[in-house]
Amino acid sequence: MAKYLLYPGCSMESSAKAYSESLAAIAKPIGLELEEIEDWNCCGATEYLGISLTPAYALISRNLALAAKQANGNKVVVAPCSACYLNLAKADYYMREQPKLGKMVNEALSAGGLSYEPGTLAIRHLLDVIIYDIGLETVKSKVVRPLTGLRVAPYLGCMVPRPDYEKRWSDHEHPIELDLLLKALGAEVIDFPLKTHCCGGHMTQIGPETAFELIRRLISSADQYQADIMATVCPMCQMNLDAYQTETNRYFGTNYQMPIVFFTQLMGLAFGLEPDTAGFGSELVSTKRALAKIGVEIAETETAPARPKKSSGLPMPKPLPRKPELAEKSEAEK
Amino acid sequence: MVTPQTLDLPTTVPKQIEDLTLLEEVSARTAGVSRLEMCIQCGTCGGSCPAAADMDHTPRMLFAMLRAGMRQAALMSNTPWICVSCYHCVVRCPQNVHIADVMYTLKGMAIEAKLYQDSTAPDFSQTFVDMVEEYGRSYEFGLATRHYLKHFPLRLPGMAPMGMGLLSKQRMSITPKRIKGIQQLKAILKRAKEIEGGKHG
């Protein structure tokens with residue numbers, strides 16, 4: 001069994017708990033042994049870097065120092081979150097490219113009794129480890145419920161294939177790793193042209209109009225390709241496309257209902273796990289229609305309890321059923 | 001030759017950073033080797049940018065302004081704040097300029113000089129960082145409430161269903177999580193800030 005150090009990152013414990021649940025469920029079957037870095041801290045996301053250089057890199061590097069201390073022969077840190085992956089990889093790379101930065105960071109770390117020699121660890125993304133260490137054959141051998149007929153849009157977002165300091169990915173803009181994995185699960189993978197385009201990142205919080213346009217492009221493209229569901233590798237992408245889809249719809253007067261889940265959740269389903277073990281049920285855009293295509297029953301995503309009622313004066317656009325046969329069905333139900 | 005002496009200006013030893021041109025200063029303050037000086041003004045960055053339409057200046061234009069020494073105008077530009085860190089320009093740049101990292105540097109310099117048109121983005125970054133410095137982890141609930149109350153109070157009613165959805169699905173926690181080594185982290189960050197402060201005078 002390969003053993004890796006895991007840097008989960010903050011979102012894995014909150015907004016992306018579906019990611020951590022499904023990762024925990026699929027790790028054992030594929031022989032992926034993960035050991036969490038003890039008492040890790042936030043990587044600073046894209047925020048700290050924009051405020052002050054040395055503190056931002058010291059914040060990231062405390063994790064590297066802890067991981068290197070904990071590393072017992074294994075020197076590979078696995079990060080499932082794109083921003084965490086990039087920040088850890090970036091700090092390690094820039095401290096080598098510019099030794100002065102490494103010196104300043106280590107001086108700061110010494111105030112906490114820590115140190116880190118740049119280049120000690122290899123920082124890798126979860127998908128990279130699954131494809132290139134575990135291998136597609138192993139993944140394929142665990143599939144008991146192939147995702148036949150499910151049209152999936154592979155969506156990586158920006159920070160995994162770019163800037164790619166260590167040249168780990170097949171391409172910066174159109175990498176094929178996620179496509180190969182989803183195909184190994186038996187899914188019908190669409191050739192998604194926007195697979196590494198931006199979800200808007202933190203712009204949902206600071207410049208919503210900019211973010212809504214980026215979200216719209218992704219969802220409408222996936223919809224044009226008639227994808228049933230999008231699969232992502234990044235908590236931020238999942239959050240923006242899932243939780244802000246309603247607001248985006250309202251902003252543009254559209255009615256997209258494009259579910260987006262983590263690739264590990266689809267692995268879980270293909271491995272025969274129950275939907276809730278694979279982290280389903282916490283998404284805000286329902287996956288019911290998509291999962292029905294592979295014969296998996298899931299309760300309709302319950303609407304949030306505080307959703308304003310019609311009388312509250314906050315009208316929400318009513319989602320239109322996309323397929324004619326479903327429209328008839330819902331008519332019949334009435 | 002015009003020297004500080006002939007102009008009867010204070011003759012304190014100039015700090016290193018003050019000897020640099022604006023372009024050199026930005027480059028020197030960027031992590032890694034920025035290669036900003038290598039920009040050939042080809043415009044590949046602006047053409048690759050998914051958010052360029054909302055920017056005051058494309059990255060190419062902004063770098064020309066840095067080269068021209070237009071400090072105030074460059075730091076006032078909304079461009080670094082609109083940059084979504086997607087790294088499309090970075091991988092396409094024929095001169096391998098670390099464009100996204102230059103944008104981070106410009107944000108830091110704008111905050112330092114208090115030169116920005118809209119405080120939404122700097123406030124968001126600062127609030128995020130405050131939470132991380134306090135707890136060692138990000139604290140989405142505290143961040144979202146503080147940020148929305150200040151900058152998007154009118155968006156709150158529309159956001160409530162989503163917020164409640166995230167809470168009811170346990171995708172957001174009302175209470176923050178604190179790491180065990182928070183004192184260690186605080187000591188590291190305190191030292192890091194001293195180093196950063198010493199670097200720029």
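The side chains of A:Lys293 and A:Asp228 form a salt bridge, with 3.3 Å from N to O. A salt bridge here is a side-chain nitrogen of Lys or Arg within 4 Å of a carboxyl oxygen of Asp or Glu. The pair connects distant parts of chain A, 65 residues apart. A:Lys293 sits in the loop between α13 (288–292) and α14 (324–333), and A:Asp228 in the loop between α9 (208–224) and β7 (229–232). Helices (H or I, at least four residues) and strands (E, at least two) are DSSP runs, numbered from the N terminus. A:Lys293 is partly exposed, at 42% relative accessible area, whereas A:Asp228 is buried, at 7%. Buried means under 20% relative accessible area, exposed over 50%, and partly exposed in between (1.4 Å probe, protein chains only).

The model is predicted: local features need pLDDT of at least 70, side-chain atom pairs count only at pLDDT 80 or more, and totals for chains, interfaces and linings use all residues. Residues are numbered from 1 along each chain as its sequence is written, chains are lettered from A and ligands numbered from 1 in the order in which they are written, and side-chain values use heavy atoms, with hydrogens and water left out.

Over all chains, the count reaches 28 salt bridges. In chain B, a network of salt bridges links B:Glu25, B:Arg29, B:Arg71 and B:Glu112. The relative accessible area of B:Arg29 is 9%. B:Arg29 also meets B:Glu112 in a salt bridge, at 2.8 Å from N to O. B:Glu112 belongs to helix α7 (residues 99–112), while B:Arg29 lies in the loop between α1 (22–28) and α2 (44–48), so the contact ties together parts of chain B that are 83 residues apart in sequence.

Chain B is assigned two domains, domain 1 (10–113) and domain 2 (120–195). These bounds come from an automatic or database domain assignment. The domain centres, taken over C-alpha atoms, are 28 Å apart.

Helix α2 of chain A (residues 53–70) has 18 residues, and its end C-alpha atoms are 26 Å apart. α2(A) is mostly covered, with 16 of its 18 residues buried.

Conventions
Expected span 1.5 Å × (residues − 1).
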